[in-house]
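Please look over the sequence and the structure first, then read on.

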Amino acid sequence: MGSNMLGAFRTTQNSKIKKLKILYNLIRKHTSITVEELLTETGMKPATCARLLDELSKNDLINSGELGASTGGRKPVLYRINPGKSYLIGIEVTNIYSTIVLSDLNLKEIGHKKIKMGAKTSIYRTLDMFVEQLLDLLSEHEKQIAEILGIGISIDDLFDQVNQNTDVTPSDIEHYLAAKIPTYIMVGSGVNFAALAEYRVHYWQTSERFLLTTCDIEIRSAEIVAGVVTSGSNGMTNAFGHTIIDTNGSRCYCGSYGCLHTYSSLPAIKAKIQHDLKQGKESMLANLVGNPDEIDYFTIFQALEQNDPMCQEILKNAAYYYGIALSNLILTTQPDTVVCGGTLVPKATFFEDVKSTVEERLKAFPKIKTTIHPAKESYEIVAQGAGGMVLEKFLNE
């Protein structure tokens, strides 16, 4: 019955359902909350609130077993959502590693699969592989498809690289997956998913203007204002990567010159490393591959882990330009919280260099109180957020 009510949250728009969603969302946001706090935040009449809480309890969507601190009388009842009433699946598709995450309704990870991607193949073959891995993940954790509220899938790299010359649309992907796994399917952008998960898990109660940027094959950004993801409705989540750093710089694939993408993206870093190797600069990469053209991202990461000076210097330069572009974005949007995510953030001193560059530039603007953090879940966060966005659709539509 509880899953049916969650389904009604997405498909039904009557006033009662809207009030139930308001209460459920508040309880979820505050982790635990009293009736008095709910009455204050919603303005509902006590009888109405009590009746709706009773309905949420009967549907097993909330629990009320714990007691809060007493203020002189009886201890107040604390309400929490039941995170195990349904489960969420999130899938992140990239050209390097792809990830499937099974999580509860609090976005707590229950299990995941990390998949090293091989040679490029058709979208439908890739989706079939994900279906097989997803079913294995459910079996490992003794969960049934009927317990899954929905599946979110990020497909930025799928479309950027594999899908350039096909007519497959996000809607086609949703229908293809739904035919194999009968549940709600939602396709979206990975940076929006990552932003949502970071925000919901770590910053929900403290941030009003939240910004996440990621540095991978593409450089992307997402913004959350007052709890709502406001970015990417037009599909341009990679616009941050096309901020112009130097009009006299190299030509970008977008046609402009000196975009951030040409300085700080993974392809730009790889191209710079290959160029320097061909120029005879010393690097352990010369011992790892016979030809600079054979270098891939995994080899570069291996060299960084072994503190290769040439790779570290190139990464430091990429971080500097990333910090310059990020400081421009902060000056424009003035977020209170910025999180930097993506493959490069944990590598060498990339994040520290980005942060110090931003802080140095923002010294001239002391009224801007933005704090900058590395992503806390660097590798599973996109898939985690993909599942979380499913729940957002159920609660906010």
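## Salt bridges, helix packing and a sheet

The side chains of D276 and K272 meet in a salt bridge, with 3.3 Å from N to O. The model is a predicted one. D276 and K272 lie four residues apart in helix α10 (residues 266-278), so about one helical turn separates them. D276 is buried, because its relative accessible area is 3%, under the 20% that marks the limit for buried residues. K272 has a relative accessible area of 38% and is therefore partly exposed.

D276 also forms a salt bridge with K281, at 3.7 Å from N to O. K281 is partly exposed, because its relative accessibility is 47%.

The total for the model is 13 salt bridges. Another of them joins the side chains of R28 and E392, at 3.0 Å from N to O. Are R28 and E392 buried or exposed? Both R28 and E392 are buried. R28 and E392 are also linked with R200 in a network of salt bridges.

The three pairs described above are set out here.

| Salt bridge | N to O distance |
|---|---|
| R28 and E392 | 3.0 Å |
| D276 and K272 | 3.3 Å |
| K281 and D276 | 3.7 Å |

Two packed helices are described by the angle between their axes and the distance between the axes. The axes of α2 and α15 come within 9 Å and cross at roughly 140°. The two helices, α2 and α15, are therefore oblique to each other. On the α2 side the contact involves K21, Y24, N25 and R28, and on the α15 side L391, E392, F394, L395 and N396. Sorted by class, the residues in the contact of α2 with α15 are four nonpolar, two polar and three charged.

Helix α2 packs against helix α4 (residues 46-58) as well, at an angle of about 75° and with the axes 10 Å apart. This angle makes α2 roughly perpendicular to α4. From α2, the residues K16, K19, L20, L23, Y24 and I27 take part, and they meet C49, L52, L53, E55 and L56 of α4. How many nonpolar, polar and charged residues does the contact of α2 with α4 have? The contact of α2 with α4 has eight nonpolar residues, no polar ones and three charged ones.

The chain also contains a sheet. Five strands form this open sheet in the order β5-β4-β3-β6-β7, and their pairing is mixed. Strands β5 (109-116) and β7 (184-188) stand at the edges, each with a single partner strand, so one side of each has no neighbour in the sheet. On average, neighbouring strands of the sheet are turned by 15° against each other, direction ignored.

Within the sheet, strand β3 (residues 87-92) pairs with strand β4 (residues 97-103) in the antiparallel sense, over five bridges. I89 has L102 in β4 as its bridge partner. Helix α7 (residues 170-180) packs on the sheet and touches β6 (148-154) and β7; the direction of α7 makes about 150° with that of β7.

Notes. Residues are numbered from 1 along each chain as its sequence is written. This is a predicted model: local features need pLDDT of at least 70, side-chain atom pairs count only at pLDDT 80 or more; totals for chains, interfaces and linings use all residues. Side-chain values use heavy atoms; hydrogens and water are left out. Two strands pair if DSSP finds at least two bridges between them. Axes are lines fitted to C-alpha atoms, for helices over the stretch in contact, and angles run from 0 to 180 degrees between N-to-C directions. Contact means heavy atoms within 4.5 Å. A salt bridge is a side-chain nitrogen of Lys or Arg within 4 Å of a carboxyl oxygen of Asp or Glu. Buried means under 20% relative accessible area, exposed over 50%, partly exposed in between (1.4 Å probe, protein chains only). Angles under 35 degrees count as roughly parallel, over 145 as roughly antiparallel, 65 to 115 as roughly perpendicular and the rest as oblique. Ala, Val, Leu, Ile, Met, Phe, Trp, Tyr, Cys and Pro count as nonpolar, Asp, Glu, Lys and Arg as charged, and the others, Gly among them, as polar.
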